Amino acid sequence: MAANPTLHPDLMTGSGGRSRAAEGGVERYEALLREAQSIRGISLARDAWRRLRRNRIAIGSLGFLTLLGVLAIFTPFLPLQPPRTVKLLRQYQPPSLWPLFEESLSLTTEDWADDPTRSRTVVEGFGELGGASRLLLRARLAAFGNWQIGSICGTDNLGRDVMSRLFWGARVSLLVGLVATCVSLVIGVAYGAVAGYLGGWVDNLMMRIVDMLYSIPFIFVVIFVITILSEPSLRGALESYGIDRLVIFFVVVGAIYWLTMARVVRGQVISLKQNQFVEAARAIGASRTRIIFRHLVPNLLSVVIVYLTLTIPSVMLFEAFLSFLGLGVERPDVSWGLMANEGIKVITPVKTYWWLVIFPSLALGVTLFSLNFLGDGLRDALDPRLKHR
Amino acid sequence: MAAPLLSVTDLAVEFSTDEGKLRAVDGISYSLNPGETLGIVGESGSGKSVSSLAILGLVPYPPGRVTSGAARFDGVDLLKLRPREMSRIRGRRISMIFQDPMTALNPFLTVERQLTEVTQRHLGLSRQRAQRYAIEMLERVGIPSAGRRIFDYPHQFSGGMRQRVMIAMALSCKPQILFADEPTTALDVTIQAQILELLGELQRAEGTAIVLITHDLGVVAGVCQRVNVMYAGRFVEEANVDDLFARPRHPYTVGLLHSIPRLDRAGEALTPIPGQPPNLAALPSGCAFRDRCLRASEMCGQAVPPLTADGKSTRDGVKGGQRFACFHPHPVPEPAGAPTP
Amino acid sequence: MSDPQAVSPGPVGSGRTRAPGPGLEGSTPAPEGGAERAGVGQAEVLLEVHNLQVHFPFSSGGWFGQGRGVVRAVDGVSFSLRSGETLGLVGESGCGKSTTARAILNLVPPTGGQVLWRGRRIDRLAEREMFPFRREMQIIFQDPFASLNPRMTVGDIVAEPMKIFRLYDRRRRQLEVVRLLDQVGLNPRYLNRYPHEFSGGQRQRVGIARALAVNPKLILCDEPVSALDVSIQAQVINLLMELKRELGLSLIFIAHDLSVVRHISDRVGVMYLGRLVELAPAEDLYRNPRHPYTQALLSAAPIPDPVVERQRRRIVLTGDVPSPDEAHEGCAFADRCPIVEFDCLRISPILQGARHRVACLKAGPETGNGEGQGEVSGG
Ligand SMILES: Nc1ncnc2c1ncn2[C@@H]1O[C@H](COP(=O)(O)OP(=O)(O)OP(=O)(O)O)[C@@H](O)[C@H]1O
Ligand SMILES: Nc1ncnc2c1ncn2[C@@H]1O[C@H](COP(=O)(O)OP(=O)(O)OP(=O)(O)O)[C@@H](O)[C@H]1O
Ligand code: SF4
Ligand SMILES: [Mg+2]
Ligand SMILES: [Mg+2]
């Protein structure tokens, strides 16, 4: 334990407190307290952020992901072509920078009426939109009028603009990644923390259950479940409850990925529980609730965050994989995996429309890499073993 | 005395870390004679382990790098050897007992495999002979029913036994030099006594020179002939063991001796060294001990005191004599009346 | 300590009535100055431990981790502690020192025996019932890195026990934190810093300040200096001794370093494999160790003096400490004991004697002087 870099030489008062305490009494303490309140320590989170900042790749990834997230959220506002408008005349146009802009969006504010009784409205070329998206779309019309970006990334077999579909697909892909991961997070953390904290036979039983679930080949199960639920009759029934494929997907994926999360959290809770500061808290009479919320949970955070950044990409990949097989997101919704699937389908020995495959794959690849780099960076930054002791 | 077995000159090791470059070892020199035990004492993080690892070419790179120095052993400079050549010397003619026996033993191999591997490679023994030899070595380091235990895995041994396995492994090629990095720190005193006894015996039998790294001055007093005191990557005092304890000159050494309670004396007040262990990334200018030193003056902040016999000249003192790196060393006590009550 | 009047009357509020002891008021005088070595005999008995046992069942794998066997971590320890006294506990790694301390505080449930605090039984108390006693007994841990929550500031850590016991109001608590940090020799200006910004010795001081926050009568120190650098150990030892003198604390000081224990303790107990094998006033124990294990321990402990070292004769024990999960008959030390006899293998010796208690069939008479084999020479 070498001394600490942030250590100040005057941290020690030198002489034991007794003699000094006698001198000033309470006034002195009050002065010291005032002084102390102006000095901030560096929390582990800030310290981690400081270290993360030095990791260029991780910061680059973080920047990219933030940008991607912002763009995905504000997609309706961007002057993109409608992602669903079929223009058979413009089939299979290769990427070209000309025309960069065209004034040909045939959509005006009057084209649809906001019906306050319905939360979602179908907008020509855009599909069903929620309230916020409609608002953004209106803003777009106000800002850009009928201008839209040309088909920079080419068009697909139905003449739809690839770039626009990439952005709208990002919304779905990212949403799937986030929501499904959150589902797994909630189940996993609750399950793992309970097992880890209670310990004993409860823990044993709970973990054996996890072990058993682990041994099930989930891909087949998922494919099976989704295929069955896609039976037209079942499907109609589900949809009347507002359950579509996407929702099923969230539930199913969440149900798989929580297993690992539960294990990770349980392990962490067990090791934290044995940490002496927990025993120290018991020795000063802290209640169980206090120990869990004041001492255990804040220390779980870093592990959970790291695991999160590493789970999102695998969920996204899984979604892409299922969409690729035609079992994930459904037309006319669009996701990156689905786009790649469509792109591959139209490849013939005579002609490959490369842009239909390359762009969605690239988007997916770069996002996954960024998430992984960020996860690695976070792990390094938060890892207490690398902490200067 | 004959030429030294190993002579290290001006060894320096740098690590690049979060806080920038830090010099973990900053220009140390020493020589080691056959059959002698040299102690290196110092606080945690003062560079004791790194200085030995550097000589054996084991400094992790990156972040570590040997930036200067030479270590002459048998006509070659160990620091200039290529990894292949080094691996022929390491483990055979020079070996090391690592600070943490659990990380140094492979948990997936039986003790037998790990012990015979060395002798098969370096001494060219057949598997069978190597096995017999390994059992003999384990018996010598005091592991009961060695013939049976040898097929166990490291985790089946207790801490003390593991340490003894390490010692058996380090000694099985009868090295000329043994670096023992805190071989007993993790152990209980009774086990420590066993192991030190054992090292002494083997040393007497084989004439091995030992570099003993420790932070326990008691161990040093018991087994070493010469001692180097290390602080913040440098040697601050170098003396034979009697001189060091009878008339320590460097304030850090004096401080250390005053801050340990002694078993054979009760009720003596302890005088701790004030302040905190040094932080290599933010050392004060001049003498690294300056901000904890009670004798420091302005001069100490201006220059780094050289390691000399008289506190002034840079020329070496008498070979084997006492040297210290301080501008204001403690005076030598009167030779006559010294023994303490 | 400051004058009671020096505290501004405003914010103190109800805290004053609830907080006896050397708070800001400094009202508690240190008890009998001479409580050190001789005067202890008359002081009130704070803690009594009778035949304390802690057995851990250990699981040997199996699908649901069914236990087989037990680890007898503590196997019949008895001692008592008077007010103002320091009891040292030494022994090798794994002999049950920490477990004894944790069992006294009810942090692990004892399997057998009794713990009495001022005559009231506190073993087997539920956490709720134990609560008031937690204010009287505190603990300092060995590892200064693990015993402080890395996500709390030092100020919060020291304030937490006061918060839990609802001592003082917020402002007064902050002042208390400042006072405590000052008292343990840390600069209170840095109370908003986090533990990782401090070195080992400084963190250990934070741990001490936390223990002092509720004005305990007894502090159990579980190897408080073992993890520290040699040059820092003395700082912490001196601090503990000073606090003990000032606040009239009782200490149970656990260590494996015999010289440290000698330095700080009035009485010393030597543990081996979950039992006390010798318990005596420090001076008697070090001058005339009666148990062969104590003798071996003393003779094996190095002394930082080459002249003395050369003259010493070591009793080098053979073999390792047997593991506490094997049941044994007779004396636990028998297979390492240099003077073992046939009887030792059958009869378990018990702690006997008035002042200088020892658990050995072959121990010499209690008053014998200077005949112990392991007596420390020199000095
Ligand atoms: N892999 C590494 N990366 C960065 N710094 C290192 C590394 N290894 C060692 N150091 C630095 O080198 C310095 C010396 O380390 P070294 O291990 O030699 O100390 P030591 O004297 O052996 O201490 P100890 O008594 O704790 O074993 C330390 O301050 C440490 O910060
Ligand atoms: N929670 C536990 N479960 C099972 N065994 C335990 C537990 N805690 C301690 N033990 C065992 O009890 C024995 C005594 O442990 P304890 O920690 O009290 O020893 P110690 O004397 O404090 O040792 P050290 O000097 O290493 O701290 C050891 O063999 C240990 O393995
Ligand atoms: S009883 Fe016998 S075996 Fe046990 S310690 Fe005493 S002498 Fe040794
Ligand atoms: Mg080291
Ligand atoms: Mg312990």
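Helix 3 of chain C gives the largest share of the shell around ligand 2, three residues. Helices here are DSSP runs of H or I with at least four residues, strands are runs of E with at least two, and both are numbered from the N terminus. That helix covers 97-104, and together with strand 2 (67-82) of chain C it is one of the elements that each supply at least two residues of this shell.

Before I go on, the ground rules. This is a predicted model, in which local features need pLDDT of at least 70, side-chain atom pairs count only at pLDDT 80 or more, and totals for chains, interfaces and linings use all residues. Residues are numbered from 1 along each chain as its sequence is written, chains are lettered from A and ligands numbered from 1 in the order in which they are written, and side-chain values use heavy atoms, with hydrogens and water left out.

Back to ligand 2. It has 13 residues around it, and the closest are C:Ser93, C:Gly94, C:Lys97, C:Ser98 and C:Thr99. A residue counts as near if one of its heavy atoms lies within 4 Å of the molecule or strand in question. By class, the shell holds five nonpolar, five polar and three charged residues. Nonpolar means Ala, Val, Leu, Ile, Met, Phe, Trp, Tyr, Cys and Pro; charged means Asp, Glu, Lys and Arg; the others, Gly among them, are polar.

Now the polar contacts, which are pairs of N or O atoms within 3.5 Å; within protein, one must be able to donate a hydrogen and the other to accept it, and residues adjacent in sequence count only if both atoms are side-chain atoms. A side-chain N or O atom of C:Ser93 sits 2.8 Å from an oxygen atom of ligand 2. C:Ser98 uses a polar side-chain atom, 2.5 Å from an oxygen atom of ligand 2. Alone, ligand 2 exposes 630 Å², and the protein buries 66% of that. These areas come from the Shrake-Rupley method with a 1.4 Å probe; for residues, only the protein chains shown count as cover.

Next, chain B and ligand 1. Which residues come nearest to ligand 1? Of the 16 around it, they are B:Ser44, B:Gly45, B:Ser49, B:Val50 and B:Gln99. B:Ser44 places a side-chain N or O atom 2.7 Å from an oxygen atom of ligand 1, and B:Gln99 has a polar side-chain atom 2.8 Å from one. The protein covers 72% of the 630 Å² that ligand 1 has on its own. Helix 1 of chain B gives the largest share of this shell, three residues.

B:Ser49 is in helix 1 (residues 48-55), B:Gln99 in the loop between strand 6 (94-97) and helix 3 (101-104), 50 residues apart.

Is B:Ser49 buried or exposed? It counts as buried because its relative accessibility is 18%, and B:Gln99 counts as partly exposed because it has 40%. Buried means under 20% relative accessible area, exposed over 50%, partly exposed in between (1.4 Å probe, protein chains only).

Last, chain A: it has 14 helices and four strands, and 47% of its 389 residues count as buried.
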